[in-house]
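Here are my notes on this one, point by point. Have the viewer open while you read.

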Amino acid sequence: MKHPLIAVFIVLMLLAGVLSACNLAPPTCMPDEMIAPLQGAPGDWLYSRLTVREDHDPPLFTWSYQGTCMPDEYRIIVSRATSMPHDPFFEYLDLVVLDTRTTGGIGATIIYEDGRMANAFSFMPDTAFGTGTYYWRVIPYNGSIHGEYSEWKPFRIGPVCTSVEEYTIPARLIYPSYGRSVPGGTITFSWLDDNSCVLGGTFQVEVSEYTTFPEEDTYILPRVGGTIWTEATGTLNACTQYYWRVTTLLPGEIGIPDIGPISEVFMFTTSNRDGSACEGPAPTPTSAAASGAFANPMEPINCRLGPTVEYPILNILSARTQYEIRGRSTEGDSWLVFDPAINNTCWIFGDLVDVIGDTRGVQTVIPDPPSTSLPDEPTAVNCSQWSANQPACIANPACTWQPNLHPESPCVNK
């Protein structure tokens, strides 16, 4: 039998019918009497990381309703993220894969020894779900009025990965969406796992005011299990611009995780904790960045004082990190980006980056002619910032690598 849960549930229903044969059906609920239903399968709160289905048949949803009254119908919602479907943002992303009303079957009544009653229900959709992580909830209804919602309960459809090499797709960021403003304080971040198999790793959410996510200025949320849970909660300041990303940590040797796929970077802003607008200028990126123009290097890339190789290298930008675009070259083959590590702009070749957002409003910038030395202002270089990166130190003409003379900070200014 493809669904052992169906057999178990049928036995439960038959038993319930015997127990309730001599009892009258409970009355219809009034709106203020409808408590939250108690969910059964799919998913398990205690062992949710292990509830992985390898088939793609439609799942059987089961729940019970305790009380002295009976709702008319139940609403079943299945979503890729924990959000109600009336939010236009989530409807746009098609995260809600099922939203239906059902009576839930015969609703047999179970009478317990202490007099409590529970009514058992089930529902199976007509079509199967694809591979992925899902959340479901059930809501009691009396006509057009609903009662108390159940919690979101997770379950996963898809096979278990046989090796870390199979887990290759980075997390897909969902909320806060790019450029969204959210109230400061407690914020729940959510993302999707689009891998075709599931691996027992963890997700790490990183939040920073800088696109480079420097260690000393990055807030790392507590890790969450990578099999089911694809959301994490953190507390952030109000009226601040942030960047966030999700890193997948895969099982490694001797308990030390390996760095897996890293998501793209999303920018968002926080308002006051009550949702009201902040006083003064809105905390949004300047110029072209406000329209969503960012450069995402495909690999570590030199960022120069000008758009050609005649200009000296100011820094080496990190791969898979978004940098605000502030201008374009006359030829259109290079971008002027803002690098928080040097607190200034520098030039990168366009063929080596992916461009995110609308660049139609980006201004053409004509740099000063090439020079053999770095300007004194405003790009004074602090070479010690590359003390953990020997290639970046050597590549910068203002710096020299001296590990014997300066063992704690070997990258020093010339």
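**Notes on the disulfides and a surface patch**

1. Start with Cys-303, which is buried, its relative accessible area being 0%. Bear in mind that we are looking at a predicted model. Cys-303 is joined by a disulfide to Cys-346, with 1.9 Å from S to S. The torsion about that S-S bond is 95°, making the link of Cys-303 and Cys-346 right-handed. The pair links distant parts of the chain: Cys-303 is in strand E22 and Cys-346 in strand E26 (residues 344–349), 43 residues apart. Cys-346 also comes out at 0% relative accessibility, so it counts as buried.

2. How many disulfides does the structure hold? There are 4 disulfides, and I go through some of them here. Another one joins Cys-161 to Cys-197, again with S to S at 1.9 Å. This link has 90° about the S-S bond and is right-handed. Here too, distant parts of the chain are linked, 36 residues apart: Cys-161 sits in the loop between strand E10 (153–157) and strand E11 (172–175), while Cys-197 is in the loop between strand E13 (185–192) and strand E14 (202–208).

3. Are Cys-161 and Cys-197 buried or exposed? Cys-161 has a relative accessible area of 8%, so it is buried. Cys-197, at 3%, is buried as well. The cut-off for buried is under 20% relative accessible area.

4. Next, Cys-383 and Cys-399, whose sulfur atoms are 2.0 Å apart in a disulfide. Check the handedness here: the torsion about the S-S bond is about -85°, so this disulfide is left-handed. Cys-383 lies in the loop between strand E27 (353–356) and helix H3 (390–395), and Cys-399 is in strand E28 (residues 399–401), so the pair ties together parts 16 residues apart in sequence. Both cysteines, Cys-383 and Cys-399, are buried.

5. Now for the surface. Which residues make the nonpolar surface patch of about 350 Å²? They are Met-298, Val-309, Phe-349 and Leu-352. If you want to find Val-309, look in the loop between strand E22 (301–304) and strand E23 (313–317). Why does Val-309 count as exposed? Its relative accessibility is 56%, and the cut-off for exposed is over 50%.

6. One thing to look at on screen is strand E22: Cys-303 is in this strand, and the loop that holds Val-309 runs between strand E22 and strand E23. Cys-303 is buried, whereas Val-309 is exposed.

Conventions: Residues are numbered from 1 along each chain as its sequence is written. This is a predicted model: local features need pLDDT of at least 70, side-chain atom pairs count only at pLDDT 80 or more; totals for chains, interfaces and linings use all residues. Side-chain values use heavy atoms; hydrogens and water are left out. Patches are made of residues with over 30% relative accessible area and no salt bridge: like charges are joined within 9 Å, nonpolar side chains (Val, Leu, Ile, Met, Phe, Trp, Tyr) within 5 Å. Accessible areas come from the Shrake-Rupley method with a 1.4 Å probe; for residues, only the protein chains shown count as cover. A salt bridge is a side-chain nitrogen of Lys or Arg within 4 Å of a carboxyl oxygen of Asp or Glu. Helices (H or I, at least four residues) and strands (E, at least two) are DSSP runs, numbered from the N terminus. Buried means under 20% relative accessible area, exposed over 50%, partly exposed in between (1.4 Å probe, protein chains only). A disulfide is a pair of cysteine sulfur atoms within 2.5 Å.
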